[in-house]
Amino acid sequence: MFKDTNCGELRKEHAGREVRLAGWVNRRRDHGSLIFIDLRDRSGIAQVVFNPQTAPQAAKMAENLRGEWVVGVRGNVVERPAGTENSKIPSGDIEVQAVELEVFNESKPPPFYVNDDSEVDEALRLRYRPIYLRRQRIQNNLVLRHKIIQQMRRYLDTRGFLEIETPILGKSTPEGARDYLVPSRLYPGSFYALPQSPQQMKQLLMVSGYEKYYQIARCFRDEDLRADRQPEFTQLDLEMSFVEQEDILALMEPLYTSIVEEVTPSKHVTKPFPRLTYKEAMEKYGSDKPDLRFGLELTDLEPAVRGTQFQVFRQALTEKGVVKGITAPGCAGYSRKQLDDLTQMAKDKGARGLITIALEPGASTVDSLSMEHVRSVAARYFTIDEVKGMAHAVGAKPSDLLLIVAGAHQMVNTVLGALRLEIGKRLHLQDKDHMKFAFVTDFPLLEWNAEEKRWNSAHHPFTMPHPEDIQYLESDPARVRAWSYDLVCNGIEMFSGSIRIHRRELQERIFQVLGYTPDETKEKFGHLLEAFEYGAPPHGGIGAGIDRLAMIMADEDNLREVIAFPKTQSATDLLFGAPAPVGQQQLQQVHIKVSPPEQK
RNA sequence: GGCCCGGUGGUGUAGUGGCCUAACAUAUCUCCCUGUCACGGAGAAGACCGAGGGUUCGAAUCCCUUCCGGGUCGCCA
């Protein structure tokens, strides 16, 4: 070993000891003859002093050191002279007086600063990833990620779970995201697909009697990227036999609370996790993954405006739509521009428009409001009682702003949900140190795909319908609730899971509702259906995004900061240059002929 | 595929029609400095403004095309 001590672990107790350190030159302070080096390794930083009087040769060499050179130092740990301690670093009470210096490797000036957290162009972060990964911040993030995964393994191991690996080379299945394909050399024209998740594999493991399975599984989806979506990502994939929904939730809640408590104790977790049904989530928050760190709930305003003369509301109500609103506290003073921005946002999400009503602070209470305190483009259509009624309903006070959307039920919820988040953001109601988890249950089993004119699985086709609703599978598919559940946190989906179907007949019925012919079903899912004929236990599980969990625990707003080697938004790897063309010979081996894309 | 934002010395920014022969900070190089810790001081070098085309007497700045990065809608069972 070139080192016997980690830089960041040196403390007062080590004074008097001779140590060998090795690491990178984080900073150099050259005082002419005295030279200070901040030496950095994974553990942190230690100050090394080169004194020409005590170690002339090392001091001479030290004059040439520059940032990011890799060096080894032999020296003596001493307490710093009184008054020169540095309280900013843990090893700041001591320093190492160098006796001997060895340069393992020099470094060109790095393409960006390693020793601070300054902004770096994303392309540079990716192009020079090995250097970017030296930064303290991302090292912390990767350590945090490691700890999350360790806690998962620890927790599940003590509860009798087995970690079992499943293949990466699998078979393409319909439904879901676009697959990444891998051509077969031995079978011309045939392809493997990389798993979108090990869903069917883990269900088969249940059939095999493993009862409690998990895996830290890499998943692949060939869809467009987002700040919180990479083409390959990591899931905690988990499945259990002989369980009901309640058993899974009871297992998962302590897992997540223990992760946060162990890994980021400074963050606050609300226990127990609140639960809401999909319906409640949509009605109150306009989202199936609500951010519960703040209120501003959506409220039905129909009772307050039932008799209104305002045509927009009347029409919405006659057409079986709804009128709902939220309060933006203290926003009555919003400018025309700010209101226009909100209106535009509402329109982008599908609303015909947005009704804003500013309650100016002139009145002391809602009841003492008069029309002169009400600022709204629709003011002249409302009676003061209607305004008061709406204000009471959404809990608004003078100086607040009401945002109201009328129209089709679902659209109104979605639009107000987006506005709610926007107001929450503007008013800084999203506390990063609060991990507000919640379970969302009772999702619909199916969703109508208007484009393809057929029913899609809301979760996936293996989800167990609510037993009470099975009778409506064919007659009223939209009415069927699923035995599925999500965990959300701060407006982000943390995991998604369900109780699965374990009987062939029911699974076949579902495929039929999804529009598959018996032949297609047999061809695409025969292996699973067959397995169900040999004693499949009731089972269920989850798939949990590990990258996203790490992201919010690390206070990052982009997945790339918690992944060592991420891809760009256009799914390229700027470090390796992937994807890249391959030679003719390689293509021939896998029987691929490339046809160039059509010219525009 | 649509929409939006960005690309200026190594890095991060400023400059949005003439004052730009492009500014500032930092990094780099040279010299000085024995208690600094984002050390300090003096000096030097370094970009023709992502690329191509156009408008104009004049373009980093306006327009078009294109490349790259980012955000977002669609998409993501």
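This is a predicted model: local features need pLDDT of at least 70, side-chain atom pairs count only at pLDDT 80 or more; totals for chains, interfaces and linings use all residues.
Asn 456 sits in strand S21 (residues 454–457); strands (E, at least two residues) and helices (H or I, at least four) are DSSP runs numbered from the N terminus. With a relative accessible area of 19%, Asn 456 is buried, the classes being buried under 20%, exposed over 50% and partly exposed in between (1.4 Å probe, protein chains only). Beyond its neighbours within four places in sequence, Asn 456 is in contact with Leu 445, Leu 446, Glu 447, Asn 449 and Leu 514, contact meaning heavy atoms within 4.5 Å.

As to conventions, local features need pLDDT of at least 70 and side-chain atom pairs pLDDT 80 or more, whereas totals for chains, interfaces and linings use all residues. Residues are numbered from 1 along each chain as its sequence is written, chains are lettered from A and ligands numbered from 1 in the order in which they are written, and side-chain values use heavy atoms, with hydrogens and water left out.

Helix H5 (residues 199–207) is mostly covered, with seven of its nine residues buried. These buried residues pack against strands S9 (212–220), S10 (232–241), S23 (492–500) and S24 (539–545), and against helix H14 (518–532). Just after H5 comes Gly 209, with a positive phi of about 95 degrees. Among the buried residues of H12 are Met 411, Leu 416, Arg 420 and Glu 422. Their cover includes helices H7 (278–285) and H10 (336–348) and strands S14 (322–328) and S17 (401–407).

Salt bridges come next, each a side-chain nitrogen of Lys or Arg within 4 Å of a carboxyl oxygen of Asp or Glu. By this rule there are 42. In one of them, Arg 125 pairs with Glu 561, with the closest N and O atoms 3.0 Å apart. Arg 125 belongs to helix H2 and Glu 561 to the loop between helices H15 (546–553) and H16 (584–589), so this pair ties together parts 436 residues apart in sequence. Arg 125 is buried at 9% relative accessibility, and Glu 561 is buried at 3%. Glu 508 and Arg 504 also meet in a salt bridge (2.8 Å, N to O); both lie in helix H13 (residues 504–513), four residues apart, about one turn of the helix. A network of salt bridges links Asp 116, Asp 117, Arg 135, Arg 137 and Glu 556.

Finally, there is RNA strand B. A polar side-chain atom of Gln 47 is 2.8 Å from a base oxygen of RNA strand B, while a polar backbone atom of Asp 121 lies 2.8 Å from a phosphate oxygen. Strand S1 gives the largest share of this surface, four residues.

Definitions and conventions:
A polar contact is a pair of N or O atoms within 3.5 Å; within protein, one must be able to donate a hydrogen and the other to accept it, and residues adjacent in sequence count only if both atoms are side-chain atoms.
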